[in-house]
Amino acid sequence: MIEKINKLLKQVEEFRPKAVAEVEEFRVKILGRKGELNDILEEFKTVAPELKREFGQKINQLKTAAMNKINALREELENSGNADSEVQIDMSRPGSADEIGSRHPISLVKNEIIDIFGRLGYVVADGPEIEDDWHVFSALNFALEHPARDMQDTFFSEKNPDILLRTHTSSIQVRTMESQKPPIRVVCPGRVFRNEAISARAHCIFHQVEGLYIDENVSFADLKQSILYFAKEMFGEKARIRMRPSYFPFTEPSAEVDVSCNLCGGKGCNVCKHTGWLEIMGCGMVDPNVLEASGIDSKKYSGFAFGMGVERIAMLKYGVKDLRLYFENDVRFLQQFDSVI
Ligand code: DAH
């Protein structure tokens, strides 16, 4: 019997549970109604009277040891927050960092364009990608036979040729002029669609930011200064611009804007094809026909508009020349923009 008690004492001493549930199991096994201690007490009844004192003390020792140990363990495990879990947490292990995503370069450049014009008081305007002929072409003074309406460039709905995917964000100009009164100062970012074969230099989906400013006495000089401010903010203080006469149905006069090549500083390299200049956008004074088509009095108001390709600006800023990279979502490409916010 003494041997049995000593064995149990040893068990109590060596007991190392991982969870509270194990402590309870152990308690039932030793102190429970049908537990080991009760078996011993049964046996105790048959012990010779002269040994009772010694055996009784030993049994009490076992009982107190078991109870103390069980209470202490319970408290310890519950306080360590491990009450219900089998696994013990190793507080010394290094933590695992969550991977943080990064913004797409097109979003970065788009946001920067919006920010720059935001500083000049422009607000963002939005419009639908699925448009009608009026907002994309007719209201913008495109003659009926204008080649841009051709099936080559535009994705038309097969069921209704009046419905189409917008080929430029200039459609948002029209929607803004229809719904707001001058003064109007908006930038309109968005996706546009053209029926082009995909290559390093062309894609059937790309992004544009359109700008529109209408008020009394807006002049070409205002347009020029605004674009110069934009070029310096986007490409650096040293950036210069030049304007070449051009044609767009919705502006008169119209111009194409070049910025001095920020890679060679204007000396000439293969990115600027040794001209020292890079084309960045189209612009012009809003044609009076366009103002009138949207219900704005062209005698009282004048305005300018401009439109640029976001991929084109990103290409010049980051030196990424293959357009397809912007659409493939290869993380090795995207991770390079991790540190840019
Ligand atoms: N919509 C023209 C395009 O897609 C870009 C453009 C040129 C927009 C001149 C304008 C503008 O607002 O004035 O090529």
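**Figure 1. R191 and its salt-bridge partner E129.** In this predicted model, R191 counts as partly exposed, with a relative accessibility of 36%. Its side chain meets that of E129 in a salt bridge, with 3.0 Å from N to O. The two residues bring distant parts of the chain together: R191 belongs to strand 4 (residues 184-193), while E129 sits in the loop between strand 1 (123-124) and strand 2 (130-132), 62 residues apart. How accessible is E129? E129 has a relative accessible area of 27%, so it too is partly exposed.

**Figure 2. A salt bridge between two strands, R244 to E279.** Here the side chains of R244 and E279 meet at 3.6 Å, N to O. R244 is part of strand 6 (residues 241-248) and E279 is part of strand 8 (residues 277-286), so this pair ties together parts that lie 35 residues apart in sequence. Is R244 buried or partly exposed? At 30% relative accessibility, R244 is partly exposed, and E279, with a relative accessible area of 39%, is partly exposed as well. Take a look around the pair, too: a network of salt bridges links R242, R244, D258 and E279.

Figure 3. E24 has a relative accessible area of 31% and is partly exposed; R27 is partly exposed at 29%. As a friendly reminder, side chains of opposite charge can pair when their charged atoms come close.

**Figure 4. The setting of the close-ups: the whole protein.** The chain folds into 12 helices and nine strands. Its radius of gyration is 40 Å, well over the 20 Å that the globule rule gives for 341 residues, so the protein is more spread out than a compact globule. The C-alpha trace spans about 125 × 50 × 40 Å along the principal axes. Of the 341 residues, 42% count as buried, and the accessible surface comes to about 19,700 Å², with 50% of it belonging to carbon and sulfur atoms. Among contacts with a separation of 6 or more, 66% join residues 24 or more positions apart. As for charge, there are 44 positive and 52 negative side chains, and the centres of these two sets lie 6 Å apart. How many salt bridges does a search of the whole structure find? That search finds 15.

Note on methods:
Residues are numbered from 1 along each chain as its sequence is written. This is a predicted model: local features need pLDDT of at least 70, side-chain atom pairs count only at pLDDT 80 or more; totals for chains, interfaces and linings use all residues. Side-chain values use heavy atoms; hydrogens and water are left out. Helices (H or I, at least four residues) and strands (E, at least two) are DSSP runs, numbered from the N terminus. The radius of gyration is taken over C-alpha atoms; the globule rule is 2.2 Å times the number of residues to the power 0.38. Buried means under 20% relative accessible area, exposed over 50%, partly exposed in between (1.4 Å probe, protein chains only). Contact means heavy atoms within 4.5 Å. Accessible areas come from the Shrake-Rupley method with a 1.4 Å probe; for residues, only the protein chains shown count as cover. Lys and Arg count as positive and Asp and Glu as negative; His and the chain ends are not counted. The place of a charge is taken as NZ of Lys, CZ of Arg, CG of Asp or CD of Glu. A salt bridge is a side-chain nitrogen of Lys or Arg within 4 Å of a carboxyl oxygen of Asp or Glu.
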